[in-house]
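Let's take a walk through this fold. Have the viewer open as you read.

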Amino acid sequence: MTLETDYLVVGAGATALSFVDTLLAQDPECDVFMVDKHSSPGGHWNDAYSFVALHQPSALYGVEGVPLGTDRIDESGPNKGFFEQASGPEVVAYFQSVMRDHLLPTGRVRYYPNCEYIGDHRFRNVLSGEETGVTVKRKLVDTTYFATSVPTTHTRKFEVSGGVRVEVPGKLPELWRDPASVPEHFVILGAGKTAMDAGVWLLEAGIAPDRITWVKPRESWLINRTITQPGEQFFESTVGGQIKLMKAAATAESVPALFHQLERDGAMLRIDTDVEPEMFHYATISEGEVERLRTIKNVVRKGRVQQIQPGRMVLAEGDERVPENTLFIDCTASAVSPKPVHPQWEEGKITLQLLHVPLVTLNAAVSAFIEANFETDEEKNALCKPVSFVDDIDGYAGTLLGTGMNRFLWASNPKVSAFLSQSRLDPGAPTVRWLKQNAPERLAVAAEMPAATMAAVPNLQKLVAQAEAKRG
């Protein structure tokens with residue numbers, strides 16, 4: 001069977017849905033096919049642990065045409081005082097509604113769940129095996145280049161002996177079903193945001209810190225949630241945080257020195273202030289969460305786990321004894337794997353990548369706007385310079401520089417700038433619009449931002465060169 005469409009979109013996760021939503025709004029004539037392995041829209045959110053939540057406020061996530069959340073300020077818990085962050089189930093329900101109530105009713109989207117793209121404009125139903133060919137009149141859109149790995153879908157890189165209990169974080173909320181099976185001890189494997197979420201969940205559930213061991217191969221720098229808040233009530237602190245970031249980037253002699261200055265400025269956090277971080281994945285956290293996680297004192301720093309035996313962990317740099325009645329929580333999946341970047345627009349194809357790190361849905365919306373409003377691939381690529389995913393500390397200079405350069409390109413183009421000024425996904429746009437109408441004098445605090453950004457560029461270029469030389 002062969003069908004026909006303007007755009008064949010591979011994936012139906014956050015990036016794909018954001019791209020399609022904006023594309024339909026900007027091009028009223030186009031027709032779209034969406035193909036995804038999952039049985040419902042939302043991509044990796046369908047596989048996430050139940051207590052996962054957005055790193056960022058709900059107001060800055062999702063698709064342009066459908067708001068997420070109610071702009072509620074949390075009044076309790078570790079996120080107290082900040083804008084709500086949608087939970088995993090809330091995000092899944094949101095994306096299901098986006099597809100069912102927003103995209104499909106246009107009559108211009110055809111959605112094929114349970115299907116995998118097999119190349120050459122063909123896809124296969126993973127349940128029936130039926131293959132379908134597609135005549136693509138405009139572009140193939142690959143939204144899966146930076147495939148997200150989550151605990152339930154990744155492949156473990158360590159061995160597990162018989163008699164050892166290892167579970168993904170999503171199993172923790174099920175412990176209540178069998179109280180007799182609750183372990184004497186818990187071991188969190190991994191140092192990323194999933195591990196932090198697991199630690200906070202255990203502590204909030206009433207598990208005493210001395211019943212938890214945390215295996216941390218690397219310490220991580222973390223963004224302080226204080227500087228990521230939208231809304232007029234946070235405007236000065238958020239803009240102030242960004243200005244401090246640019247000023248620190250203009251003078252830092254090294255990337256580690258940049259992080260330390262940002263820590264002094266209150267923009268960056270780390271859980272253990274006695275350990276020099278080696279990792280930065282743009283994880284965002286509140287000081288309340290950090291305070292809770294610091295109560296876990298049994299921290300093992302012997303590299304990655306290689307094998308788990310009853311009562312014993314074999315790690316890269318030595319063994320560690322644990323109680324035999326221990327539940328190991330596997331948080332070792334890496335959310336995104338580093339890959340080389342290349343132009344987003346090629347002959348007959350768009351490969352969506354990072355442009356404004358880490359706002360993936362904004363990246364997709366801007367890419368869709370540019371696809372619909374500019375003629376040639378050369379014009380489009382000139383406005384969107386993909387940014388490498390950051391893994392180690394030194395990579396931060398490159399992502400800052402790349403994001404800043406894209407913002408400069410967008411601000412310099414009247415069409416893109418006008419789109420962003422009305423975008424709900426652009427962090428500052430809704431607040432700036434509100435202040436212009438209600439309190440224009442408060443915008444004066446942002447006057448320093450352009451000069452601070454321009455001053456940072458030469459030094460960031462130097463830091464990027466240092467990082468590339470170090471990697472060889």
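Here is a tour that goes from a sheet to some helices. The model is predicted, so local features need pLDDT of at least 70 and side-chain atom pairs count only at pLDDT 80 or more, while totals for chains, interfaces and linings use all residues. Residues are numbered from 1 along each chain as its sequence is written, and side-chain values use heavy atoms, leaving out hydrogens and water.

Start with the open sheet, where five strands line up as S8-S18-S9-S10-S14 with parallel pairing. Strands here are DSSP E runs of at least two residues and helices are H or I runs of at least four, numbered from the N terminus; two strands pair if DSSP finds at least two bridges between them. At the edges sit S8 (165-167) and S14 (298-300), each pairing on one side only. From one strand to the next, the twist averages 20 degrees.

Now look at S9 (residues 185-189): five bridges tie it to S18 (residues 326-330), and one of the partners is Thr326 in S18, bridged to His185.

Next, find helix H2 (residues 88-103), with 16 residues.

Finish at Thr361, in helix H7 (residues 360-373). Thr361 counts as buried because its relative accessibility is 1%. Leaving aside residues up to four places away in sequence, Thr361 touches Ala14, Ser18, Leu60, Tyr61, Gly62 and Leu425.

Terms used: Axes are lines fitted to C-alpha atoms, for helices over the stretch in contact, and angles run from 0 to 180 degrees between N-to-C directions. The expected span of a helix is 1.5 Å times one less than its number of residues. Buried means under 20% relative accessible area, exposed over 50%, partly exposed in between (1.4 Å probe, protein chains only). Contact means heavy atoms within 4.5 Å.
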